[in-house]
Amino acid sequence: MIRMNEAEEISSKQKQASIGEFFEKNKHFLGFDTQQRAIITAVKEAVDNSLDACEEARILPDIRVELRRTKSDELEMISQDNGPGIPRDSIEGVFGKFLLGSRFHAIRQTRGQQGIGITGVVMYSQLTTGAKTRVISKVKSDSSAVFVDLGIDTKKNKAIKSSEKRDIWIDERTGEEVSHGLKITTVMKAKYQRGKKSVYQYLRMTSIVNPHASISLVVMDKEGEIIEEGNWVRTSNKLPRVVEEIKPHPHGIQLGTLQRMLRESTDRRMTSFLKHNFSGVSPRAAKEILGMADIEEGRTPKRIKPEEAKAMITAFQTVKLLKPPMDCLSPIEDLLIKKGLSKAIDSRFASTVTRSPTVSQGNPFQIEVGLVFGGDLSSEGPIEILRFANRVPLMYQQGGCLLTKALEAVNWKSYGLEQPGGSGIPKGPAAVLVHLASTNVQFTSEAKEAVSYNEEVFNEVRKAMLEVGRGLKNHLKKSSERKKAKEKFELVNIILPEIAKKSSELLGREEPDLAPVITQIMNAVFLEEELSWNKESRLSMCSVTIHNYTARARAYTILAKWPEGEDTSMEFNPRGGRKEAKGLWAWRLDTLDPGTSTVLEFGISGLSKGDWNETDIFFRGNGEIIGATRMDEALLDEQRKAEALEAAVEEVRRSSAPSEGIKERPIEVLEPSANTDWFGMEGDGNE
Amino acid sequence: MGMSEAPRKNRKQVVEALHEVAAEMHNRMQRGDPPRMTLPVRSKTNISFDNKLGVFKYGKNKTVRDATKLGSARQLLRTLHITEFIEEMIDSEKSSTLREMYYISEGWGNGKFGSQNESNNLAEDLEIVTKCLREDFKLRPEEDGARIIGNITVEEKNRRGEWMRINCRDDVGDSGYGVPYNVEEEKLKLVDEDIDFVMAIETGGMFDRLIENGFDEEARCALIHLKGQPARSTRRIIRRISDEWKKPVVVFADCDPWSFRIYASIAYGAIKTAHISEYLATKEATYLGITADDILAYDLPSDDLTKQDIGALEAELSDPRFNTGWWQEQIKLMQELGKKAEQQSLAKYGLDFVTDTYLPEKLDTIGLGY
C-alpha cells in the first residue's frame, strides 16, 4: 500500500471551529491590536506553520520572509518554505477556517497551539486593506503547483477562492522549479519596527530554538532599499524527534471536558471509555475509579449524569494512576540549544541543561535552560532573557511571566553575575534561554505571551537555572585559575630566564641554574587541558598536560569528563584507562618526577567541530593540582548507584508489556537531573 | 655650599650602585631563591619627620619586590633593562628624557614599560635603592619648571657652555625667567638679589594679576609660579634661595585640599620623593593663604566640596605632614564649611583688592608687612 501523502495526512487532522466573526471582535487577543504587532503576529503564524509542517514531513526547513512597505502604513508580506505544501482540496480549509490546532482534541506539543492560525492573517489583510492572500502550494506528488487567491466570508467561516490555476512554479530567486513548498503573499496595514519587539527578534529567537532550520529575513522600504536583514543558517541537520500524540491524563481533566468527552464517546461501556480516552489508566484503575464514583462498569458513557461525572473527577484524584508517557514532548536537547544559541549569539561559554520530563496535573512538561556568557555580549545592563513555550518565542509581558520570575528568584551573585539588590534580573555579559515544553502550556491571558504561575513548573525552571548557574560559576572559576596558571608559566618560562640572562650580562657572571628557583616559585603541580578539533580524523581531541613543579615525585590518577552518549565514543585513547561512570574516564599515570611533565590525550568521535569546548578534569592522589579538582568519591558513588538504578528501571520498562497500562506494576520514574554536573562541585550540590 | 648641596656621585660610583641591585637578584638565583629587590614603602603610612633634617623622610617599612608574581617579575626585568640603558648613556655621555626612555623601552621585549608612569616610578625606585639622583642616571624630566619674576640675578650655563647673567625683572618678558630642569650649582648660580621675601603662587592667573599690579616691586619680592604640583627643580630652586639668601618663603594658593598638598610638598617634602626631601623641601616656607579662615573673614565666593575633595581632606587628617594643631584646625573647619575657594575669588572686591588689601593684611600677620 502506498503511504498516504504526508500533506494530506497533516491537514486531515485539523478540525474546524466555526468562529468566523470572532476575529473582528477580538483582534487584541489575537495579536493584531497594533500595526507594529500585527506584522509580527502575521510572520509568526506563517513561520510556525512552516516549521510544524516541515517537522511532521521530516524536511529540514528553509524559510524566507520578505517584507516590503507598499504605503506608509501598509506592508506586503511574503513567506516561503520548502515544506510538504498543502493539497489543493485542503487549501480552503487551512486558510479559510479558524483552526484551533489540535489542542482541543489530542494532546501533543505543537507550535500551532499558540496562535489563531494563518486564517487570522488572511482575515486581517482582508479587513485592513481589502487584499486577497495569494497562495502558491506545491505537493511533491503533483506535477504542478496550485496558484490561488483567497478571501474569507466572515459570516460563513469559509474561504472564497479566485483566480485559481495550476502551473509550474519557478522560484524567482533561483530560477529553478520548486518541487515542494508553500508561498504566501499578502498585504496588510502594518508598520515595521526594529528592536526588542520586532520581526527580526522573533525570527532570531525562533532560529535559536530551531537549530535545524535556516531562516532569512529581508525588510525593504518603498523604494526597494533593504532596511533590515537577517540570515540564520542551520547548525544542525537533526530534526526534532516525532512526538507521539497522547491521550489526556485524568489528573488534568476538568468537568466540562470530561462531560464533552462522555457525550462524544462511541464506546458502549464505561470501562472501555476510560481505557480508550485516557492515558495512565490501567484496567484495575478503571474499575477502582468507577467503583469509587458508584458507576456501573457496563454503563453507556453518553448516559452519564453530571453528578456522576463530578464523582468521577473526585475519583481521578484519589485512585493511584500511572504517569502519562513522556514521548509526547519534544525538548530541544542541550547540545542543540548550544548550537542554536551559537547561531544567533557570539559568546565564549554556554551552559545548558535539559531537565527530565515531569508532570503537573496530568500534563507532562519539560524545562530546558541555556546560558551563554562573554564574547560579544554587552556587560552593561540586564541580561537578555529568551523565553520559549513549545519552541515558540514569547516576546511580550516578560515581567509577568513565570519563566522570568523563576529566573529572578535565583541568587545569581553566587554564580558570578551581578544582581543589584540580591534579586531580580541579573546584570552582565550573559543571555539566558528558557524553554517550556508541555502538552498544555498555561498562559496568563489569551494573548499567550506570559506563562502563568504553577508551582511545579516554577520549581523545575528554578532548578534548571541553578544548574546552568553552577556551570557558569565553574567556568568563571576555571577561567581565573587558568589565567593564574598561564601567568605562572609565563613567569618561569619567559621572564625569569630573561632576568637571569640580563643580570648575568650586566655583572659579567655565569647564568644561574634556574631549576631550584622555579620549583620554589611554583611549588605545585599544574594541569592544563586543551580541547581541539582534528579535521583529518574528525575527532574532538582533549589534551591534558601535567607539570610537576614540586621538589617531590608525584603519582596521580586523572579523570576527565567527556560527552558520553549514544552517538559518541572514545575513539582515540592510547593510554587506555577505564570507565569510572557515565561520561567519566580515568587514567592512572606513571610517577611524575620533579621538574617533568606529561601529556595525556584522547579523542571523541560522533561530535562536530565546536560541539565540545569545555570539560572538567579531576584527580586522585596526594597533593593538590592547580587546574584540576579533587575527585569527590562520595558523589561519584552516588552517581554510580543512580546509574545502576536507572539501568534496572530501564530493564523493567523493556520487559513490561508493549501496550501501556496492562501490567499492574506502576513504574516509579526516576528523576535524576539529566546532564548535571554531578561530581566534584563544591558546596551547593544539594539542589 | 651649605648643607643643602646634593651629594653627587661619579660615574664609577653610579655604575657600582646599579650593579649592586643586579647582584642582589643574581645572588639569590644562585642560591636557588627567586630574585628580588628591596624598597622602602612609598606611601603616607611610611613617612615620618626627621628631627635632624627637619623634613619628612621614608620610614623603616620595606617592601620586597620578588619574582614570585608575574607583575613583580616584569618590574625586576625592566629595572635591569633601565640599568643597562643608564650604563650605555654614561659610557656614551648622552642623556635622555624619561619620556624618551619610555619609548626606547619599546625595543626591550618583555622588559617594555606598560605606561610612562611606570617608567617614572621605576627610575625613582632606582634612585632610592642606589641613593643616586636621576641626574646621575642621565635622565631628565619632561616636567615644566617654574617661572620667576622679581629683582634677583642668576647665572645660567647656556647650551654653548657659557655662563649667562640674567636679572629676573629687567632681562625677562612678561612670562618671566624659566627655571631649567637642572638647578644645581653646575648649571645655575644665584648671584644677587634685592628682595625681602619669595612668594610661590599656585595659579597662573594670580601670578599674572600680581605682575600686572606691580606687586613684585611694591612688596619687594620674587614671584614664583608653581604651575600646580611643583616640579622637583621648582622645589629645589626655592630651597636654594631660602638657604643661600636666607629669604622667607610664603606660599599663596587656592583653599582646597590639593593646594594644601602643594604646600606640604614644598615645606615638608613630597611622599614620592621623600628619599631626597632634605634637598627639595624648604622647612621655613609659610602657608599664607587662602585659608579656611579667610573664606569666612573675607566672605569669599566658594564652591561645594566634591566627593574627591572630601576624601582628600579625610586622608590629610591622617597624613603625618598635616599633624599640627593649625593644619588639623584648618582641615576640620573646611570639612565643617563644606566649601572651598579659589585665589581668584578675591576679585569679588575688585582687581586691586588682592594687592591693596588682602596680601598686605596677610603678610602683616606674619611680620612681612611693607
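Me: In chain A, what share of the contacts with a separation of 6 or more comes from residues 24 or more positions apart?

Reply: In this predicted model, residues 24 or more positions apart account for 74% of the contacts in chain A that have a separation of 6 or more. A contact here requires that the C-beta atoms of two residues lie within 7 Å. Chain A holds 15 helices and 24 strands, and buried residues make up 42% of its 687 residues.

Me: What makes helix H8 of chain B largely enclosed by the rest of the structure?

Reply: A residue counts as buried if 20 or more other C-beta atoms lie within 10 Å of its own. Ten of the eleven residues of helix H8(B), residues 257-267, are buried, and therefore the helix is largely enclosed by the rest of the structure. Among these buried residues are Pro257(B), Phe260(B), Arg261(B), Tyr263(B) and Ala267(B).

Me: What covers the buried residues of H8(B)?

Reply: The cover includes helix H7 (232-245) and helix H11 (307-317), together with strands E12 (197-201), E14 (249-252) and E15 (286-289), of chain B. H8(B) is followed by Gly269(B), whose phi is positive, near 115 degrees.

Me: Why do strands E9 and E11 of chain B stand at the edges of their sheet?

Reply: Three strands of chain B form an open, antiparallel sheet in the order E9-E8-E11. Strand E9(B), residues 163-167, and strand E11(B), residues 188-193, stand at the edges because each has a single partner strand, which leaves one side of each without a neighbour in the sheet. From one strand to the next, the twist averages 20 degrees.

Me: Which elements of chain A give two or more residues to the side that touches chain B?

Reply: The contact takes 21 residues from chain A and 23 residues from chain B. On the side of chain A, the elements that give two or more residues are helix H13(A), residues 455-507, and helix H14(A), residues 515-522. H13(A) provides the largest share of that side, 14 residues.

Me: How do the residues of the side of chain A that touches chain B divide into nonpolar, polar and charged?

Reply: That side of chain A divides into 13 nonpolar, three polar and five charged residues.

Conventions. Residues numbered from 1 in each chain as written. Chains lettered and ligands numbered in written order. Predicted model: local features only at pLDDT ≥ 70, side-chain atom pairs only at ≥ 80, totals over all residues. Pairing = 2+ DSSP bridges. Helix = DSSP H or I, 4+ residues; strand = E, 2+ residues; numbered from the N terminus. Axes fitted to C-alpha atoms, helices over the stretch in contact; angles between N-to-C directions. Buried ≥ 20, exposed ≤ 12 C-beta atoms within 10 Å, placed from the backbone. Nonpolar A, V, L, I, M, F, W, Y, C, P; charged D, E, K, R; others polar.
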